[in-house]
Amino acid sequence: MEKLTFYALSAPEKLDRIGAYLSERLTRDVARHRYGSVRVAMEALDQLLLACHCQSINLFVESFLTMVAKLLESDKPDLQILGTNSFVKFANIEEDTPSYHRSYDFFVSRFSEMCHSDHGDPDVRDRIRMSGIRGLQGVVRKTVNDELQANIWEPQHMDKIVPSLLFNLQHAHSRCPSPLQPAEAQEAQESPGELAERCLRELLGRAQFGNIKNALRPVLVHLDSHGLWEPPVFARGCFRIIMFSIQPQHSPLVIQQLLQHLDANGRSGAALRAGIVAVLNEAAAIAATGAVGPTVLEVFNTLLRQLRLSIDLALAGNSQNSQNAEGQSWRQLQESQFQEAVIQTIGSFSATLPPYQQSEVMLFIMNKVPIPENSRHSQHSRNIPEPGENRNRLTQMMLLKSLLQVSSGLRCSSLLTALPGAFLERLLAPALLPEPRLQIFVLDILGAFLDRRRLRPRLRPASSITDVSLLKLKVEKCSRQDSVFMKKHGSALLCHAFWVCRLCPGSPQHFRALFRLLALLSLEFGTDDVITDLLRLVLALQDAAQEEPQVPEGPRRVLPALPEASRCALAALGAALLLLLGHLLGVPALLQHVQQVLEARQRSAPFLLPEEALGDSPGLPPAGSIPSLGPEVWFSQSRIIEALAAAPGGSFSAERLSAKFCPQSGEEDRLSKRKSIGETISLQVEVESRNSPEREQRAPAEEITYETLKKAIADSVAAEEQERERRRLLLQRFQRAPFEEIAAHCGARASLLQSKLNQILQINVRPPPSPSGAVSAVLGPAQSQNSQNSQNSQNSQQSQPHSIPVYEMKFPDLCVY
């Protein structure tokens with residue numbers, strides 16, 4: 001070998017003949033089963049490859065690859081492993097000169113086939129599979145960084161390499177370690193699964209932006225073909241390897257591929273779709289913050305579309321499987337699991353986004369919630385559900401649940417930007433629907449927005465000042481933006497809170513969520529105006545708990561009567577909230593009055609206490625016992641006003657506290673806003689017209705209202721329609737009228753034009769008229785005579801009159817072309 005190596009280095013042009021001779025000898029030895037000579041020939045080739053790096057090595061490499069291919073085609077495992085080891089040594093050599101005609105298609109196919117070996121002996125099978133994996137790794141190393149070599153990222157190559165690696169990874173994942181081998185021996189001996197994982201990580205780590213899709217598509221096909229989405233244990237592990245192996249900036253491509261695959265399997269089984277969503281959730285959790293990609297709304301749009309499709313499939317399954325109760329329940333269970341997986345994934349995606357994108361996502365989700373018109377009146381006036389109402393109800397519930405998942409991770413510094421008016425209006429609308437779960441979702445979403453100090457777990461209704469003191473709550477100073485937010489939307493929040501209690505009686509959980517919301521309003525926005533409105537709301541809730549059912553008189557609509565449990569919950573809610581407000585204000589007289597009322601309820605009406613009425617198992621009062629209760633169990637408005645007026649440093653308005661809380665409905669709010677806007681615009685126009693210096697010269701300013709703008713738009717549209725009709729009639733006349741009629745019409749136009757021209761020519765030739773006529777019309781007969789004489793004396797000095805210049809003459813419209 002030393003002599004042969006020295007000869008090859010001295011005469012590089014002889015390498016091709018050396019390679020051809022060794023290839024011929026190896027082919028003959030393989031055919032004659034002289035395996036010792038085969039090993040000697042391969043060892044000689046390996047040493048020559050390692051020693052010779054000259055420009056003429058390409059021809060020698062062709063002979064070497066032919067010999068390796070001959071060994072791989074053999075059915076002897078030892079020869080296959082020998083050829084693979086030689087190829088791996090060759091793959092680790094960095095060549096100085098490129099090769100334009102070398103092909104590795106055979107090696108990719110053969111190594112992939114070795115990765116799927118099913119030899120009877122497990123040890124031999126593992127050796128063959130590991131040799132195939134090493135061979136694929138060598139092909140990737142040899143070709144991935146050389147642009148002149150075969151493109152290994154093409155689909156025909158990736159469809160063989162990636163499934164081969166996943167096949168070994170899958171079998172290693174499902175096979176448990178043998179108890180007969182010690183743990184040290186298992187750690188020392190590398191398995192095909194570990195080698196396949198290492199090779200897959202190396203392959204994905206070398207992938208560029210344009211090659212990720214070609215590497216991911218075989219992964220999705222393999223998971224589909226082998227049914228590995230349900231349960232998604234292997235799929236999760238596989239995509240965990242992918243997400244940790246690729247470059248961080250390529251993470252959005254992986255998520256995009258999973259979303260497209262989810263859309264492609266939109267009509268598949270719920271378990272398969274749930275597996276894809278679970279893998280998507282895993283990928284989103286691994287992705288870096290903000291790396292979900294620029295098309296954030298597209299991601300959420302796809303997930304929400306799958307959510308609505310799942311609801312439709314569940315309802316369709318209910319109608320088809322009405323005879324099979326077992327199949328119907330199983331389908332509902334699968335679809336509900338899929339919906340929960342989608343909602344969980346939405347929360348995972350939103351957690352990786354910055355706050356401003358989270359606000360956009362919440363507005364995007366809220367705009368997709370179906371809100372019926374006049375929900376409060378229409379829903380309570382009928383008992384028979386309309387077609388599609390069940391679907392809308394399920395859609396509302398799922399979307400609000402998704403919104404709650406997103407809002408739970410929101411960190412907003414300003415509610416004025418996080419809760420715009422349009423978003424808040426749409427969010428409050430489902431709270432008036434007769435569905436307690438929707439109300440709880442809305443209240444929890446609002447609580448997530450308001451709870452910036454994470455106080456909700458500590459807020460619970462209490463019956464004594466000691467229990468409230470243990471909570472260690474204090475009011476933070478309200479910022480200017482928060483103050484503006486409450487001035488704009490505080491009345492709407494309190495009005496909806498009242499209507500939720502009055503029109504939609506729910507469970508104790510519903511009232512506890514409402515207490516948390518009102519408590520957060522008092523803690524986060526503890527200004528005098530907000531505290532005053534909350535006190536008025538407490539008294540309004542107490543009045544609602546005391547009111548008796550009314551008999552409708554004529555067409556007037558009467559609010560439905562509250563059940564006994566809801567009336568007790570309203571009274572308990574007002575007591576718990578007033579106790580919290582008294583503690584926050586620190587007014588002794590107010591706390592004394594609240595404590596007296598609670599003690600009176602403890603003696604004669606324990607069913608009105610917060611821990612009793614708002615507990616998990618509330619107690620019901622005897623029938624008709626609430627109207628018979630004395631005034632000592634109810635809060636007194638006069639005593640509350642006196643206590644706050646006597647408080648040191650208090651700035652509460654007694655007049656405002658004594659005013660009754662009168663909530664408006666959503667329709668009345670909108671009408672009042674429209675009216676106020678119209679009055680403001682009219683007032684501005686009127687003030688502008690009065691203060692203007694040209695007020696005497698201008699016409700009176702017209703009041704600009706919605707009807708005025710509507711009329712102006714309608715007039716402009718009518719004028720355009722008339723002009724369009726005139727042009728159509730003119731075109732129709734020239735297309736269909738006889739020639740004589742067109743000629744007569746044109747002749748009349750020509751005669752009119754000629755008469756106008758004659759008038760212009762007469763004016764141009766005739767001398768200019770004397771201005772005396774104009775003067776006489778103004779001055780009178782005597783003065784005009786004097787002016788005429790002076791004018792004649794001036795004209796006598798001129799030799800001839802001058803004519804009006806053409807550029808100063810006023811021509812009729814018919815003469816202008």
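A helix here is a DSSP run of at least four residues, numbered from the N terminus. With that in hand, look at E113 and R110: both lie in helix α6, three residues apart, which is about one turn of the helix. Their side chains meet in a salt bridge, 3.1 Å from N to O. R110 is buried, because its relative accessible area is 13% and buried means under 20%. Keep in mind that this is a predicted model.

Side chains of opposite charge can pair when their charged atoms come close. How many salt bridges does the structure hold? There are 23 salt bridges in the structure. Here are some of them, with the N to O distance in each:

| E113 | R110 | 3.1 Å |

R240 is partly exposed, at 33% relative accessible area.

D263 is partly exposed at 31%, and R305 is partly exposed at 33%. Elsewhere, salt bridges that share partners join R452, R453, D482 and E524 into one network.

**Rings that pair up**

A search of the whole structure turns up 12 aromatic pairs. One of them is F87 with F107: the ring centres are 5.0 Å apart and the planes are at 20°, so this pair is stacked. The pair links distant parts of the chain, since F87 is in helix α5 and F107 is in helix α6, 20 residues apart. Are these two buried or exposed? Both F87 and F107 are buried.

Another pair is F485 and F525, with centres 6.2 Å apart and planes at 35°, so this one is tilted. F485 lies in helix α24 and F525 in the loop between α25 and α26, so the pair ties together parts that are 40 residues apart in sequence. F485 and F525 are both buried.

Back to F87: ring pairs link F87, F90, Y104, F106, F107 and F111 into a cluster. One member, F90, also has the charged end of K142 sitting over its ring, 4.4 Å from the centre. Likewise, R273 lies over the face of F338, 4.5 Å from the ring centre.

**Cysteines**

The count of disulfides comes to zero. C501 is buried, at 1% relative accessibility, while C746 is partly exposed, at 38%.

Note on methods: Residues numbered from 1 in each chain as written. Predicted model: local features only at pLDDT ≥ 70, side-chain atom pairs only at ≥ 80, totals over all residues. Heavy atoms only, no water. Phe/Tyr/Trp six-rings, centres within 6.5 Å; stacked < 30°, edge-to-face > 60°. Helix = DSSP H or I, 4+ residues; strand = E, 2+ residues; numbered from the N terminus. Buried < 20%, exposed > 50% of the residue type's maximum accessible area, 1.4 Å probe, protein only. Lys NZ or Arg CZ within 6 Å of the ring centre and 35° of its normal. Disulfide = S-S within 2.5 Å. Salt bridge = Lys/Arg side-chain N within 4 Å of Asp/Glu carboxyl O.
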